[in-house]
Amino acid sequence: MTSEYKTEQPDRAEIDALKGPAVVEFGTNWCGICKAAQPNIAEAFAKYPDIPRIKVEDGSGRPLGRSFNVRLWPTLVFMRDGQQVAKLVRPEDSQSIADALALIAQPG
């Protein structure tokens, strides 16, 4: 699991083509709220180590974040087979993240 938000981003078509569960996390490396959320995110993901987490830097002019209507960071988009199942904006606890992970961990 990467600790940094990547400046290079996949295209939305690549995200839509993903098979199985995945989480796209939007934020920036300098965002204090993003940094503060990392322990809760890590705790929730510890229960679901096989679910991929794609951390991408967001900001003005970033098309991937705009395609998911990201306005605040961090925003986690929970996907299954390329479809958005849930979205959390600035999650404050690990349980809400774990609950959303459970939604995508189960087939169909």
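**Entry 1: cysteines.** I am working from a predicted model. I began with disulfides and counted zero. A pair would need its cysteine sulfur atoms within 2.5 Å. I then looked up the accessibility of two cysteines. Cys31 has a relative accessible area of 6%, so I noted this residue as buried. Cys34 comes out at 0% and is buried too.

**Entry 2: salt bridges.** How many salt bridges does the structure hold? I found four. Side chains of opposite charge can pair when their charged atoms come close.

**Entry 3: Arg12 and Asp16.** I found a salt bridge between the side chains of Arg12 and Asp16, with N to O at 2.9 Å. Where do these two sit relative to each other in helix 1? Both belong to this helix, which covers residues 12-16, and they are four residues apart, so about one helical turn separates them. Asp16 is partly exposed at 36% relative accessibility. Arg12, at 29%, is partly exposed as well.

**Entry 4: Asp58 and Arg66.** The next salt bridge I looked up joins Asp58 to Arg66, and its closest N and O atoms are 2.9 Å apart. Are the two partners buried or partly exposed? Asp58 is buried, with a relative accessible area of 5%. Arg66 is partly exposed, with 29%.

**Entry 5: Glu57 and Arg62.** I then turned to the salt bridge between Glu57 and Arg62, where the closest N and O atoms lie 2.9 Å apart. Glu57 has 16% relative accessibility and therefore counts as buried, the cut-off being under 20%. I listed the side chains of Arg62 and Glu57 under polar contacts as well, at 2.9 Å.

**Entry 6: the surroundings of Arg62.** Where is Arg62 found? I placed this arginine in the loop that runs between strand 2 (53-57) and helix 3 (63-67). Which residues does Arg62 contact, once its neighbours within four places in sequence are left aside? I got Thr7, Gln9 and Glu57. Last, I took a distance to Asn40. This residue is 22 places from Arg62 along the chain, and their C-alpha atoms are separated by 26 Å.

Key
Residues numbered from 1 in each chain as written. Predicted model: local features only at pLDDT ≥ 70, side-chain atom pairs only at ≥ 80, totals over all residues. Heavy atoms only, no water. Buried < 20%, exposed > 50% of the residue type's maximum accessible area, 1.4 Å probe, protein only. Contact = heavy atoms within 4.5 Å. Polar contact = N/O pair within 3.5 Å; in protein donor to acceptor, adjacent residues only side chain to side chain.
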